[in-house]
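This briefing goes through charge pairs, surface patches and backbone features of the structure shown here. Please keep the sequence and the 3D view at hand while reading.

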Amino acid sequence: MKLGAYTAVLHDKPIDAALDVLKDLGLDGAEVNSGGFLPAPHLPIADIRGSQDARDEYLGLFAERGITLTALNCNGNPLHPDPQVRDKHGNDVREAIELGALLGVTRVVTMSGLPATDPAGRLPAWSVLPWDSAYLDARDYQWNEVAIPYWRDIQARAADAEVKVCIEMHPHNVVFNPATLERLVTEINATHVGAEMDPSHLFWQGIDPVAAVEHLGDLVYHAAAKDTRINEQNCRVYGVLDDRFQRVPAEENPLGLGGKNTLTRWPADASWQFVAVGRGHDQDFWARFLRALSAVDPGIAVNIEHEDAELDQIEGLRLAAENLQAAAAAAGV
């Protein structure tokens, strides 16, 4: 099992300095961004496309530090109704598959995407609980007319390149839990599209990540190490579908997510929040999670994704690495 980190949190450092941080933390895997919502400061895309020498030099940076490049990440919305977003994010997934094949990296992480409810829609819309058949009509359009055709093409490209595309089961996407992941796999007859198992998005939905791994089995291709803390007192009042997010004012330079879209601000007293490994669930959970992953694939890569707003980039990575390594030792993986 490779224990590593997603380097997006170190975006302000050049790739060699970012890899030095991972090495100092005792990690032996890395995942770098290749597009989607975020830019790709750690992946010289043009150089990699240009020559084998450039690819060898790039991979040499990892090898010198005893680190393996285990995945490319291009999380975005490839099904967005706004073509300015959809075309870029959709193409980023296709390009990530090509780049992965050139580099010998067999995992590409992304999201499934979310369309509008109908062909005239301008904004993505998530139908969570279709108690009214109108929501089923919307969901049928999203799946049958948009998601399935796109993902059939991605499946074909991934199979040709011998690259596995790993979908993060993320709310506000057509695939957000094990059932919707299985539906996509079935609809497109997938052999090279499966799951990136990120427990953080499952926790707040009330899903047990260990049970999800055991249920999905060999559809689990890759994993993230990100924790979620359920703030029980707030959750009792606001519930897990806590929607009290607000816009970040333009003068504060909100993070762009494609087109005119930006990252919003969490409630100060949120029902739940992302935290470093061990700050939401104890070592026993993480040991069981790693053991379940190992039963599916003993060589699976598990990469820390640091989004704990209470810890700085290095402090958060260090705490997550220490807790993940302790859990791995306890799990015997």
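In this predicted model, Arg229, Arg279, Asp308 and Glu310 are joined to one another in a network of salt bridges. Across the model, the salt-bridge count comes to 16, and side chains of opposite charge can pair in this way when their charged atoms come close.

**The salt-bridge network**

**Salt bridges within helices**

- Arg183 forms a salt bridge with Glu187, and the closest N and O atoms of this pair are 3.5 Å apart.
- Both Arg183 and Glu187 belong to helix α6, where four residues, or about one turn of the helix, separate them.
- Arg183 counts as partly exposed at 25% relative accessibility, and Glu187 is likewise partly exposed, with a relative accessible area of 29%.
- In helix α10, Arg288 and Asp284 are also four residues apart, about one turn of the helix, and their side chains meet in a salt bridge at 3.2 Å, N to O.
- Arg288 is partly exposed, with a relative accessible area of 33%, and Asp284 counts as partly exposed at 47% relative accessibility.

**Surface patches**

- Asp47, Asp53, Asp56 and Glu57 gather on the surface in a patch of negative charge, and the largest share of this patch, three residues, is contributed by helix α3 (residues 52–63).
- Asp56 is found in helix α3 and counts as partly exposed at 43% relative accessibility.
- A nonpolar surface patch of about 480 Å² is made by Val128, Leu129, Trp131 and Tyr135.
- Of these, Tyr135 lies in helix α5 (residues 133–161) and counts as partly exposed at 36% relative accessibility.

**A buried histidine in a loop**

- His42 is placed in the loop between β2 (29–33) and α2 (45–50), and it counts as buried because its relative accessibility is 3%.
- A polar atom of the His42 side chain lies 3.3 Å from the backbone oxygen of Leu10.

**Positive phi angles in loops**

- Most residues other than glycine have a negative phi, which is the background for the two residues that follow.
- His172 has a positive phi near 65 degrees although it is not a glycine; His172 lies in the loop between β5 (164–168) and α6 (178–187) and is exposed, with a relative accessible area of 54%.
- Asn189, again not a glycine, has a positive phi of about 50 degrees; Asn189 lies in the loop between α6 and β6 (193–197) and counts as exposed at 63% relative accessibility.

How values were computed:
Residues numbered from 1 in each chain as written. Predicted model: local features only at pLDDT ≥ 70, side-chain atom pairs only at ≥ 80, totals over all residues. Heavy atoms only, no water. Patch = residues over 30% accessible without salt bridge, like charges linked within 9 Å, V, L, I, M, F, W, Y side chains within 5 Å. Areas by Shrake-Rupley, 256 points an atom, 1.4 Å probe, with all protein chains shown as cover. Salt bridge = Lys/Arg side-chain N within 4 Å of Asp/Glu carboxyl O. Lys, Arg positive; Asp, Glu negative; His and termini not counted. Charge placed at Lys NZ, Arg CZ, Asp CG, Glu CD. Helix = DSSP H or I, 4+ residues; strand = E, 2+ residues; numbered from the N terminus. Buried < 20%, exposed > 50% of the residue type's maximum accessible area, 1.4 Å probe, protein only. Polar contact = N/O pair within 3.5 Å; in protein donor to acceptor, adjacent residues only side chain to side chain.
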